[in-house]
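Hi,

Here is the structure I promised to pass on. Have a look at it first, and then read my notes below.

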Amino acid sequence: MLQGCYKCLVFKQDMLMLLFSVVAGAATFNPNNKKTMSKIELVEALQKELGLESKAEATRTLDAVGAVYLKVLKKAAKAVKKPKKGEAAVKPSVVAPLPGVGNFYLGASAPRKGRNPLDGSSVNVKAKKKISFKASPSIAAKL
């Protein structure tokens, strides 16, 4: 489930940080380590862009927006039912638009047979909920 999945939460946090770095226009690119903007850099960019007096205000703003999106995604995840064996996957649908930047989509994959790449044996892959993000055409054109 998305609620207890640490990797999903880290992904969501990283995605929000990347989105805000694009919106703030302060994304940094270091060709040596290809590192994206850190949270501190993002907070500083938000503080400057919004004209906030302190970094604490910018941090609270960033955390509040992230919490709102996480709440919306969790609510939508409860409504998406995982398909049973033999059923088709649930097509992704928009659950959290980020105006001018893109949309978050939520769907579910059906259970299937997979292959262990180490020994070639057949394994059963469980159905799971999936989250994805698609940038808006205006953002994609600017990149």
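Let me start with E44, which counts as partly exposed at 34% relative accessibility (partly exposed lies between the two limits, buried being under 20% relative accessible area and exposed over 50%, with a 1.4 Å probe and protein chains only). Before I go on, the ground rules: this is a predicted model, where local features need pLDDT of at least 70 and side-chain atom pairs count only at pLDDT 80 or more, while totals for chains, interfaces and linings use all residues. Residues are numbered from 1 along each chain as its sequence is written, and side-chain values use heavy atoms, with hydrogens and water left out.

**Salt bridges**

E44 has a partner: its side chain meets that of K55 in a salt bridge, 3.2 Å from N to O (the term needs a side-chain nitrogen of Lys or Arg within 4 Å of a carboxyl oxygen of Asp or Glu). K55 sits in helix α3 and E44 in helix α2, so this pair ties together parts that are eleven residues apart in sequence. Helices here are DSSP runs of H or I with at least four residues, strands are runs of E with at least two, and both are numbered from the N terminus. K55 is partly exposed too, with a relative accessible area of 43%.

How many salt bridges does a search of the whole structure find? Two. The other one I'd point you to is D63 with K39, where the closest N and O atoms are 3.1 Å apart. That pair links distant parts of the chain, D63 being in helix α3 and K39 in helix α2 (residues 39-50), 24 residues apart. D63 is partly exposed at 39% relative accessibility, and K39 is partly exposed with 29%. As background, side chains of opposite charge can pair when their charged atoms come close.

Helix α3 has 25 residues, which should span 36 Å at 1.5 Å a residue, and its end C-alpha atoms are 37 Å apart, which agrees (the expected span is 1.5 Å times one less than the number of residues). Its buried residues are A58, L62, G66, Y69, L73, A76 and A77.

The largest nonpolar core has twelve residues, among them Y69, L73, V80, L98, F104 and I131. A core here means buried Ala, Val, Leu, Ile, Met, Phe, Trp, Tyr and Cys residues joined through side-chain atoms within 4.5 Å. At least two of its residues come from each of α3 (55-79), β1 (90-98) and β2 (102-109). The largest share, four residues, comes from α3. Apart from it lies another core, of seven residues, including V43, L46, A58 and L62.

V80 is in contact with V90, L106, G107, A108 and K129, leaving aside neighbours within four places in sequence (contact means heavy atoms within 4.5 Å).

**Aromatic pairs**

There are two aromatic pairs in the structure (ring centres of Phe, Tyr or Trp, its six-membered ring, within 6.5 Å; planes under 30 degrees apart are stacked, over 60 edge-to-face and the rest tilted). Y69 and F104 have ring centres 5.9 Å apart and planes at 50°, so that pair is tilted. Y69 lies in helix α3 and F104 in strand β2, so the pair ties together parts 35 residues apart in sequence. Both residues are buried, and Y69, F104 and F133 form one aromatic cluster.

**One last residue**

S109 has its place in strand β2 and is buried, with a relative accessible area of 14%. Not counting residues up to four places away in sequence, S109 touches P83, A89, A127, K128 and K130.

Cheers
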